[in-house]
Amino acid sequence: MEPTHRLHTGYSYNPLGMHGEGAEEYANLVRVLWCGKYGAISPQSFKRKISDFLPQFADGAQHDSQEFLAFLLDGLHEDLNRIKKKVYIAEPEVEGMPDPQAAQEAWERHLRRNKSIVIDLFQGQFKSSIKCKVCGNVSVTFQPFMYLSLPLPAANRQMSLDELLRYFTREETVRDDNAWKCPKCKRPRDSWKKLEIWKLPTILLIHLKRFQMRGHWWDKIQSPISFPTRDLNMAPHVVGEQPRSQYSLYAVSNHYGTMSGGHYTACCKNVFHGDWCSYDDSTVKKISQGQVQSSAAYILFYTCMPFQRPSIKTW
């Protein structure tokens, strides 16, 4: 995202975004980060601007990094949305339509209201299906997603990212209060429900859901999750448009501690020399590739683009 005001001209009046101010402040932050003049920076101006639009981040307390990332990407998308006026678009009739055609129509409908570099890089598509256990009626829909939020099915047990992906796309039964009202039976029915990945984005964000409600309290799952730093093959987990290449890890957001008190750090791959570095407040140090794996891993950042130094003007 080129850090100049020309990029945002005409998009600052979107009521769903940050009036262009968020994108401008983010561009300034990226420019300072890449100028090569500072060993560490404190992004106070950026934090204040985000807090203007989301006051919950203004109190100086610890907040969930995944929630912040989701808000930031949504806000940047709306600031940079090339669709200046969103008009109502009726839901297309897709019953009986082949999946590839239905998925394409749903995606094109989405793009008629949402076009930005954020969509281009970060959004993929889910296929959601539900099947009545009585009459066999099936309903299929396709929705965009910005990240995969993967539940951890077992505490205190080492799991692999592949296991989590298979668990995420498993078939579930919905019944009782969650029963689906089948349009053919015209009454609630026990059903099979499944969420699958149809299309992947260029930059794949994977959120490990370490926090869960137990009774009246939030608890954190400390289980170590093994994940590849390179050659992540997502093809077995995609039912539609196959990924063009494998994914490489380039960053990890880590959370240490508990829900009531914790600390965030990051591991990032340096684009200049290809080494991994640990970022802990103002302290930056090189680490081994093996040190990237830890039970603190919270958000994984993967890309299928070539890993190369970006071209950013820093004046």
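Buried means under 20% relative accessible area, exposed means over 50%, and partly exposed lies in between, for a 1.4 Å probe with protein chains only. At 15% relative accessibility, S129 therefore counts as buried.

This is a predicted model: local features need pLDDT of at least 70, side-chain atom pairs count only at pLDDT 80 or more, and totals for chains, interfaces and linings use all residues. Residues are numbered from 1 along each chain as its sequence is written, and side-chain values use heavy atoms, with hydrogens and water left out.

S129 sits in strand β1. Helices (H or I, at least four residues) and strands (E, at least two) are DSSP runs, numbered from the N terminus. Contact means heavy atoms within 4.5 Å. Leaving aside residues up to four places away in sequence, S129 touches S139, V140, W192, K193, K194 and E196.

Strand β1 covers residues 124-132 and strand β2 covers residues 138-145. The two run antiparallel and are joined by 8 bridges. Two strands count as paired if DSSP finds at least two bridges between them. Opposite I130 stands S139 of β2. The hairpin of β1 and β2 has 5 residues between the strands. In its turn, G136 has a positive phi of about 80°.

Strand β13 (residues 248-257) pairs with two strands named here. With β17 (residues 297-303) it runs antiparallel, joined by 6 bridges. With β14 (residues 262-269) it also runs antiparallel, joined by 7 bridges. N254 has a bridge partner on each side: A297 in β17 and T265 in β14. G257 has G262 as its bridge partner in β14. A hairpin of 4 residues links β13 to β14.

Strand β14 pairs in turn with β15 (residues 276-280), antiparallel, over 4 bridges. Here the bridge partner of C267 is S278 in β15. The hairpin of β14 and β15 has 6 residues between the strands. Within that hairpin, G274 takes a positive phi near 75°.

In a regular strand the side chains alternate between the two faces of the sheet.

Most residues other than glycine have a negative phi, and most peptide bonds are trans.

**Helix α1 and its surroundings**

Helix α1 spans residues 21-33, which makes 13 residues. From first C-alpha to last it reaches 18 Å, close to the 18 Å expected at 1.5 Å a residue. The expected span is 1.5 Å times one less than the number of residues.

Which residues of α1 are buried? They are G22, A23, E25, A27, L29, V30 and R31. What covers them includes α2 (44-53) and α3 (65-80).

V32 also belongs to α1. Its relative accessible area is 33%, so V32 is partly exposed. Together with L33, W34, Y38, I41 and F272, V32 makes a nonpolar surface patch of about 580 Å². Patches are made of residues with over 30% relative accessible area and no salt bridge; like charges are joined within 9 Å, and nonpolar side chains (Val, Leu, Ile, Met, Phe, Trp, Tyr) within 5 Å. A salt bridge is a side-chain nitrogen of Lys or Arg within 4 Å of a carboxyl oxygen of Asp or Glu. Accessible areas come from the Shrake-Rupley method with a 1.4 Å probe; for residues, only the protein chains shown count as cover.

S311 lies in the segment after β17. Is S311 buried or exposed? At 79% relative accessibility, S311 counts as exposed. S311 and W34 are 277 residues apart in sequence. In space they are 9.7 Å apart, C-alpha to C-alpha. W34 is one of the residues in the nonpolar patch that includes V32.
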